[in-house]
Amino acid sequence: MPAAMQPPSAPTPDWPAGPVPALATAGVGTPLLRLHDFTVSVRGGAPIVRGIELSVARGEALGIVGESGCGKSITWLAALRLLGRGVTTGGEALLGGCDLARLSEGDLARVRGGRIALIFQDPSSALNPVQRIGTQLVEVLRLHRGLTGEAARTEALRLLDRVGIADGSRRLRQYPHEFSGGMNQRVMIALALAGEPDILVADEPTTALDATI
């Protein structure tokens, strides 16, 4: 799982590289992602999100609008199975025709960041505070693109430049607490782009950005 998708105290798993076979067979015209009658429940109670219907095709942008607390973020976190054992889902969350709920942990780890990347709303809680920025970027590049050594460092520098962070060589050696809130948000965007995902889920990604960006 990418550093930005796991708690700071969790060990970094070394999942085998490669695509999830079932996802590579989706035909032309098949939605990349489809949520059908999708529901989210907590500890067996009544659904807190229910009846979600949406689909996203390659090259399409979809906006989800709703008041604070209506379940926008919860829907995506639940679909990617990031909410823990007390949360259950119903209906279907299909990625290239493959039900995310049925994937093994190893396959799901390759999906997160490699097939679907999530730009979290609060980078201060999503970034690992005890790892350097470069370590977190290189981890994603290694797990999802097989890049190591100088190739990974070069790509990490390119990603920082792409999101408007100058002096990348120095910044890669720094920790999240040495960045402003807006810069950490840009690091989150770079992490999400690093795995070259098929789908990018942006959870209010401009909230903390500097006005000039």
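1. R43 sits in the loop that links β1 (33-42) to β2 (49-56); strands here are DSSP E runs of at least two residues, helices H or I runs of at least four, numbered from the N terminus. The model is predicted, so local features need pLDDT of at least 70 and side-chain atom pairs pLDDT 80 or more, while totals for chains, interfaces and linings use all residues. Residues are numbered from 1 along each chain as its sequence is written, and side-chain values use heavy atoms, leaving out hydrogens and water.

2. R43 has a positive phi, near 50°, although it is not glycine. R43 is exposed, with a relative accessible area of 72% (exposed is over 50%, buried under 20%, partly exposed in between, with a 1.4 Å probe and protein chains only).

3. Now look at E196, in the loop between α7 and β6 (199-202). Its phi is positive too, near 50°, in a residue other than glycine, and E196 is exposed at 52% relative accessible area.

4. In the largest nonpolar core, I116 and L137 touch the most other members out of 49 residues. Such a core joins buried Ala, Val, Leu, Ile, Met, Phe, Trp, Tyr and Cys residues through side-chain atoms within 4.5 Å.

5. The axes of helix α4 (residues 133-145) and α7 come within 9 Å and cross at roughly 15°; axes are lines fitted to C-alpha atoms over the stretch in contact, with angles from 0 to 180 degrees between N-to-C directions. α4 and α7 are therefore roughly parallel, the word for angles under 35 degrees.

Conventions:
Parallel < 35°, antiparallel > 145°, perpendicular 65-115°, else oblique.
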